[in-house]
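I opened the model today to look up its packing, its ring pairs and its charge pairs. My notes follow in the order I took them.

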Amino acid sequence: MDQNSDQLNINTPELVAIEMPLAGIGSRFIAVLIDTLIWGAGLLVLAAVLWLFKPALQAFSSLSYQWTVALFTIALFALNWGYFTLFEAFWHGRTPGKRVARIRVIQRSGRAIGIFESMARNFIRYVDQIPFFYAVGVIAVFATRQHQRLGDLAAGTLVVLDREQETPLWADTRSPSLGDTGTRTSTPPTLPQPHPAAGSHRFLALDASGIAKLSPSDLQVLEGFFARRLDLPLATRQALAERIARAIQAKSGLEPPPDVSCESFLEAAARDLRDLARMR
């Protein structure tokens, strides 16, 4: 993984470079402003609902002032922290404000963040807000090469612009080996990309002699792609599938039918490789 002051370049295990522009202060400010307005509006709605049920809440009137303040503070923290944490963890690193600003949170490896990364970065958010409106966070963003606030540093996350671009598929295709970096050419890919019906790979029979030419390391590359493909933008996912399919074809001599997509071909190859590994 390389980066300059405004660009993150991630080399995937399949040797495809993904360029992700880092988000700056402006877009992050827009996102947090929108999120703050949304959260504040939701808090007002909740307060109005509680006011409607005020008679039912009279049972809590016996609580001391200190307990009332403590419970209110805990509830306020939980709602604020939960808003950012749950949206980022389960909405692909985005909150409503980030979606409007077209930015999202990712891991430093380029993968989508999970619940633990989201919990960590948003817990430290309250340190970033000291002494007022993210003053510490702004200083940290300017002071770090990858524009990270303290929450990002603690969780190992980055905020990027939501416009990923992948290196052209034909930029690095010298060798048929899946592990070779190759050399650059200017020839565009010729592998067709039809869109067959879902599940067509189940009926795709591949030549056993071609499968035998592949190795366990090739299966590892395929399994790695399957594990990561849902985290990838659609264009990057398609480019990656084409690149791996070409390498598999060149190494094994297998030729899928013209009406079979790259991913269906790769899934069929992985299926047969798993069967071969069990027989060995």
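I count a contact when heavy atoms lie within 4.5 Å. This is a predicted model, so I take local features only at pLDDT of at least 70 and side-chain atom pairs only at pLDDT 80 or more, while totals for chains, interfaces and linings use all residues. Residues are numbered from 1 along each chain as its sequence is written, and side-chain values use heavy atoms, with hydrogens and water left out.

**Entry 1: a contact list**

I started with Leu 222. Which residues does Leu 222 contact, leaving aside its neighbours within four places in sequence? I found Ile 244, Ile 248, Leu 266, Ala 269, Ala 270 and Leu 273. I then looked at the chain as a whole. Among contacts with a separation of 6 or more, 69% join residues 24 or more positions apart.

**Entry 2: overall make-up**

I took helices (H or I, at least four residues) and strands (E, at least two) as DSSP runs, numbered from the N terminus. The chain has 11 helices and six strands. For burial I used relative accessible area: buried is under 20%, exposed is over 50%, and partly exposed is in between (1.4 Å probe, protein chains only). The chain has 280 residues, and 39% of them count as buried. I computed accessible areas by the Shrake-Rupley method with a 1.4 Å probe; for residues, only the protein chains shown count as cover. The accessible surface of the chain is about 15,600 Å², and carbon and sulfur atoms hold 66% of that.

**Entry 3: nonpolar cores**

My rule for a nonpolar core: buried Ala, Val, Leu, Ile, Met, Phe, Trp, Tyr and Cys residues joined through side-chain atoms within 4.5 Å. The largest core has 24 residues. Which of them touch the most other members? They are Leu 206, Ile 211, Leu 222, Phe 265 and Leu 266. Helix 9, helix 10 (234-252) and helix 11 each give at least two residues to this core. Helix 11 supplies the largest share, eight residues. Another core lies apart from this one; its eight residues include Ala 23, Ile 103, Val 105 and Val 159.

**Entry 4: aromatic pairs**

I paired rings of Phe, Tyr and Trp (its six-membered ring) when their centres lie within 6.5 Å; planes under 30 degrees apart are stacked, over 60 edge-to-face, and the rest tilted. I found nine aromatic pairs. Phe 77 and Trp 81 are stacked, 5.9 Å centre to centre with 10 degrees between the planes. Both lie in helix 2 (residues 65-90), four residues apart, about one turn of the helix. Phe 77 has 32% relative accessibility, so I logged Phe 77 as partly exposed. Trp 81 has 22%, so Trp 81 is partly exposed too. Phe 87 and Trp 91 form a tilted pair, 5.7 Å centre to centre and 50 degrees between the planes. Phe 87 is partly exposed at 30%, and Trp 91 is partly exposed at 29%. Ring pairs also join Phe 77, Trp 81, Phe 123 and Tyr 126 into a cluster.

I required NZ of Lys or CZ of Arg within 6 Å of the ring centre and within 35 degrees of the ring normal. The charged end of Arg 125 sits over the ring of Phe 84, 3.9 Å from its centre.

**Entry 5: salt bridges**

Side chains of opposite charge can pair when their charged atoms come close. I set the limit at a side-chain nitrogen of Lys or Arg within 4 Å of a carboxyl oxygen of Asp or Glu. The whole structure gives 15 salt bridges.

Arg 121 bridges to Asp 152, with the closest N and O atoms 2.7 Å apart. Arg 121 is in helix 4 (residues 115-123) and Asp 152 is in helix 7 (residues 150-155), so the pair ties together parts 31 residues apart in sequence. Are these two buried or exposed? Arg 121 is buried, and so is Asp 152. Both also belong to a network of salt bridges with Arg 28, Glu 88, Lys 98 and Arg 125.

Glu 223 and Arg 274 meet in a salt bridge, 2.7 Å from N to O. This pair links distant parts of the chain: Glu 223 in helix 9 (residues 216-228) and Arg 274 in helix 11 (residues 262-279), 51 residues apart. Glu 223 is partly exposed at 31%, and Arg 274 is partly exposed at 30%.

Last, I noted Arg 278 and Asp 275, which meet at 2.2 Å, N to O. They are three residues apart in helix 11, so about one helical turn separates them. Arg 278 is exposed at 61%, whereas Asp 275 is partly exposed at 30%.
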